[in-house]
Amino acid sequence: MTNRTTGETGYGTTSFRTTASDRTVVPWLNGQGTTQVVAETGDWRVSIADEPLESTFSVIAGYDRLIIPIGSVALELTGPPFSATEEGLDAVTPVCHIVDPLHAFAFPGEWAPTSRASSRTRALNVMTRRGVAAMTVEIGASEIPDRSSSVRICLDLATEDALIVPPGELMPSVEPGCCAIISISP
């Protein structure tokens with residue numbers, strides 16, 4: 001993908017589309033997999049990862065992360081707790097989270113769980129620099145809330161085509177149930 005980063009808003013003044021065939025594929029920081037960058041600035045990234053059968057997440061300190069399996073396969077994330085728990089788990093007792101397809105799971109970038117899947121799949125990843133940018137993700141929304149001060153990305157979950165809409169531009173209507181709407185605001 002051509003880097004369209006400009007100024008503080010992160011993107012130019014007109015919307016544009018990307019497809020899987022025109023995106024940059026980059027290796028994970030730990031080298032255990034790859035991801036296709038849908039859009040990014042220095043403060044956030046939206047990408048689609050090829051999830052291996054088993055891997056470990058990269059540590060991305062200072063970022064908040066969200067993962068959504070977009071195939072038909074759940075992901076199992078296991079590792080020591082990443083925050084204090086009411087159950088009083090210590091820092092070495094692993095916890096397991098099952099992330100079902102099209103369900104979001106948020107966690108801090110400091111957490112590096114192991115990931116297991118019953119077959120290879122893909123996952124939407126959204127990462128924002130903590131305290132600098134914030135994200136919301138809506139799957140299959142029939143109405144798109146007005147977030148005109150945010151960069152919005154409409155990702156078709158079947159084709160993985162994306163429409164990136166900069167702040168201030170109206171978001172076109174989308175067919176309910178087929179898209180993830182990602183909003184990223186400063």
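A: Start with a term: helices (H or I, at least four residues) and strands (E, at least two) are DSSP runs, numbered from the N terminus. This is a predicted model, where local features need pLDDT of at least 70, side-chain atom pairs count only at pLDDT 80 or more, and totals for chains, interfaces and linings use all residues. Residues are numbered from 1 along each chain as its sequence is written, and side-chain values use heavy atoms, leaving out hydrogens and water.

Q: How many helices and strands does the chain have?
A: Zero helices and 15 strands.

Q: Where does Gly62 lie?
A: In the loop between strand 5 (54–56) and strand 6 (63–69).

Q: What does Gly62 touch?
A: Leaving out residues up to four places away in sequence, Gly62 touches Glu110, Thr128, Arg129 and Arg130. A contact means heavy atoms within 4.5 Å.

Q: New topic. Which strand order does the open sheet of four strands have?
A: The order is 5-10-7-8, with antiparallel pairing. Two strands pair if DSSP finds at least two bridges between them.

Q: Which strands stand at the edges?
A: Strand 5 and strand 8 (95–99). Each has a single partner strand, so one side of each lacks a neighbour in the sheet.

Q: How many bridges join strand 7 to strand 8?
A: Five, and the two strands run antiparallel. Gly79 stands opposite Val95 in strand 8.
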